[in-house]
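Work through the exercises below with the sequence and the model in view. Try each task before reading its solution.

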Amino acid sequence: MSTYKAYYVEEYDEGFKSSITELPIPDLESDKVIIQVNYSSLNYKDALSASGNKGVTKVYPFVPGIDAVGTIYKSSSDNFKEGDEVIVTGYDMGMNTHGGFGEYIQVPSSWVIALPSNLSKKEAISFGTAGLTAAASVDSLPLDNSLDKPVVVTGATGGVGCISIGILSKLGVSVAAITGKPLATDFLNDLGASSIIMRDSFVENDIKPLDKSEFSHAIDTVGGEILARIISKTDRHAVITCCGNVNSIKLNTTVFPFILRGIILKGIDSAEAKIEYKEYLWKKLSSDWKINMNPFIKEISLNKLDNEIQKILSGQQQGRIIIKHGENV
């Protein structure tokens, strides 16, 4: 029986443990494809799954990884044939369906997108779910040349934050980046941030129900108190996108910004988006919104994952971590 290597998380009485394990390549099922995974990436949800978070992954042992880019190994679908280069992001992969931290995955063909011709596999995984979420956030903003205030991006050094800044900067939009990392200034300037706001200074005063307008629109990746302050500080008819909760799942605000300034708060869930919308976003990321991610990625092998998982859980990740299968990096 053929086997593959995977980052395997198992549950024991004393907790959860991970190891690099050999698993059998599964038999091909109807309407599914088996993909030989060349690259995956590390996301916050992956770190939660790898840590035994039952809100993300219900049953262990398990292989995390919500992103995968690779080549069709076997197919029972008319839409894909052996050798096709493809992308899979989100849906149940990496949550309760073995994910991209393994060298092979089996998923429904309806989750799969053909790799755009002008994206390499490495470029595609550098975006991954974070890139789709950033693209969906930017796509939700009514951007034009009349903006007289910056778009603010929170969690600016994380995957969604840094890609959002890169896309907005490429579109000629002024970006204010909020970060809790004083040493990230050069990183954010290189991404294209017009100004940098330190998180501690941003939250030092009491929240007002309706504060002075400082931002035209916002992309929030952290939730909680940061989002509440953003809501009170955005301009009339602003759109604020929300896609994360690492600051807090709670939101303490009032109706004033919504009824007095007409602000729109829009949730972003790229993981469960329709496949047609994902295809649209991938076309944008591979053309008009394509940015050079090379300076902002770190490439590792499976055996280096534990350390990077601890970094992302402690809020120390900067940029994107990508995992290359089949080699020691």
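**Exercise 1.** Count the positive and negative side chains, and state how far apart the centres of the two sets lie.

Solution. Lys and Arg count as positive and Asp and Glu as negative, while His and the chain ends are left out. The place of a charge is NZ of Lys, CZ of Arg, CG of Asp or CD of Glu. On this basis the chain has 32 positive and 39 negative side chains. The centres of the two sets are 4 Å apart.

A note on the source: this is a predicted model, in which local features need pLDDT of at least 70 and side-chain atom pairs count only at pLDDT 80 or more, while totals for chains, interfaces and linings use all residues. Residues are numbered from 1 along each chain as its sequence is written, and side-chain values use heavy atoms, without hydrogens and water.

**Exercise 2.** Describe the secondary structure of the chain, then judge its radius of gyration against the globule rule.

Solution. Helices (H or I, at least four residues) and strands (E, at least two) are DSSP runs, numbered from the N terminus. The chain has nine helices and 15 strands. Its radius of gyration is 20 Å, close to the 20 Å from the globule rule for 329 residues, so the chain is as compact as a globular protein of that length. The radius is taken over C-alpha atoms, and the rule is 2.2 Å times the number of residues to the power 0.38.

**Exercise 3.** Locate lysine 54 and decide whether it is buried, partly exposed or exposed.

Solution. Lysine 54 sits in the loop between helix H1 (44-50) and strand E4 (67-75). Buried means under 20% relative accessible area, exposed over 50%, and partly exposed in between (1.4 Å probe, protein chains only). Lysine 54 has 40% relative accessibility, so it counts as partly exposed.

Next, its partners. Contact means heavy atoms within 4.5 Å. Apart from neighbours within four places in sequence, lysine 54 is in contact with Glu11, Phe16 and Tyr60. Its side chain also makes a polar contact with the side chain of glutamate 11, at 3.4 Å. A polar contact is a pair of N or O atoms within 3.5 Å; within protein, one must be able to donate a hydrogen and the other to accept it, and residues adjacent in sequence count only if both atoms are side-chain atoms.
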